[in-house]
Amino acid sequence: MNYKRILTVQDISCLGQCSGSVALPIISACGHECCLIPSAVLSTHTGGFTGYTFCDLTEEIPKIHAHWKESGIRFDCIYTGYLGSTKQIKYVADMFDDMLGLGGIKIVDPAMADNGSLYKGFDQEYVAAMGLLCAEADIVLPNVTEACFITGMEYREEYDQDYIMKLVEKLDEKGCRCIVMTGVSYREGYTGVLIYEDGFYSYYEHEKIETGCHGTGDVYASAFTGALLQNRGAVEAACIAADYVVECIRVTREDDRKKAERAEKAAKYKGPSFATDIPVCGNPGHWYGVEFERKLDVLADRINNRR
Ligand code: PXL
């Protein structure tokens with residue numbers, strides 16, 4: 001097993017099972033040290049909640065950077081996700097320049113859009129800056145929407161292989177060297193990951209669970225990073241992460257009915273609090289994220305070749 005020191009820069013959504021809150025446990029489960037610079041602290045993520053709080057931590061980044069530099073800290077990998085402002089992208093680029101050890105890897109998940117739209121709070125200036133950060137990365141992990149924003153290509157709900165190839169070509173022209181594009185779906189019921197590396201394409205298709213979950217892009221990128229730093233190549237790491245995400249969505253969605261039944265029983269329970277058969281709340285309102293914790297053991301076992 002490798003034991004690498006990975007820095008991730010992304011927000012902490014205090015509730016929402018995304019970004020920093022999933023990167024820490026997933027990368028740790030893959031056997032690495034995971035250091036986190038929170039780009040912002042939000043009460044929840046922005047996808048579906050209203051009235052969330054947002055504490056911008058942009059100006060903390062150069063201070064943390066300076067302290068670490070002074071202390072001689074280096075990382076084996078810097079992996080970035082949701083960044084709170086355009087200025088942060090510049091600060092991250094500065095860290096790319098002088099916080100990586102020899103052979104250190106730069107992974108950028110341009111977490112800014114999905115389903116044809118930008119997340120709340122992002123604009124074209126942010127998109128342009130993110131495009132430049134992607135050009136500096138060793139590996140980028142966009143979904144189809146993000147790839148469209150970065151390249152300026154029109155977003156389509158339905159497409160063929162030519163469209164995806166064109167998208168990859170344009171990302172390549174922008175300077176992206178290794179591309180792991182998620183959510184590439186050529187037929188109903190299936191989706192997959194397209195990997196473009198050293199001029200070669202690979203495609204890993206897997207089941208598409210119709211009611212997807214929020215935050216799966218972050219779960220995917222974290223698992224990919226953890227696997228890659230355990231000496232898996234980009235293609236294998238992409239497959240490991242895809243299988244993990246599918247399993248996580250399956251457990252989150254599969255027993256919605258069972259959860260609703262358990263919650264109903266728990267709500268009706270009138271027995272003593274010391275009883276051993278108190279019904280457990282089923283958590284049926286879990287619409288905001290994916291229950292990635294329930295399959296962490298499977299991911300760790302696969303990374304350790306135990307399964
Ligand atoms: O999952 C991406 C993400 C991360 N962080 C915040 C978000 C989102 C997506 O909506 O709002 C704060």
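**From a helix end to the ligand**

In this predicted model, helix α6 covers residues 161-173, and E173 belongs to it. E173 has a relative accessible area of 61%; values over 50% count as exposed, so E173 is exposed. In sequence, E173 and A135 stand 38 residues apart, yet their C-alpha atoms are 9.2 Å apart in space.

The next topic is charged side chains. Side chains of opposite charge can pair when their charged atoms come close. The structure contains 15 salt bridges. One of them joins the side chains of K87 and E59, with 2.8 Å from N to O. This pair connects distant parts of the chain: K87 sits in helix α3 (residues 86-98), whereas E59 sits in the loop between β3 (54-56) and α2 (60-70), and 28 residues separate the two. K87 has a relative accessibility of 45% and counts as partly exposed. E59, at 38%, is partly exposed as well.

A salt bridge also forms between the side chains of R250 and E207, at 3.2 Å from N to O. Here again distant parts of the chain are linked, with R250 in helix α8 (residues 234-254) and E207 in strand β11 (residues 200-207), 43 residues apart. R250 has a relative accessible area of 25%, which makes R250 partly exposed. For E207 the value is 37%, and E207 is partly exposed too.

The side chains of E236 and R232 form a further salt bridge, with an N to O distance of 3.3 Å. E236 is partly exposed, at 41% relative accessible area. R232 has 11%, and because buried means under 20%, R232 is buried. Elsewhere, salt bridges with shared partners connect E207, E247, R250 and K295 into one network.

The last stop is the ligand. In D11, an N or O atom of the side chain is 2.7 Å from a nitrogen atom of the ligand. T46 has a polar side-chain atom 2.6 Å from an oxygen atom of the ligand. For D218, a polar side-chain atom lies 2.7 Å from a ligand oxygen atom. On its own, the ligand has 310 Å² of accessible area, and the protein covers 98% of it.

Conventions: Residues numbered from 1 in each chain as written. Predicted model: local features only at pLDDT ≥ 70, side-chain atom pairs only at ≥ 80, totals over all residues. Heavy atoms only, no water. Polar contact = N/O pair within 3.5 Å; in protein donor to acceptor, adjacent residues only side chain to side chain. Areas by Shrake-Rupley, 256 points an atom, 1.4 Å probe, with all protein chains shown as cover. Helix = DSSP H or I, 4+ residues; strand = E, 2+ residues; numbered from the N terminus. Buried < 20%, exposed > 50% of the residue type's maximum accessible area, 1.4 Å probe, protein only. Salt bridge = Lys/Arg side-chain N within 4 Å of Asp/Glu carboxyl O.
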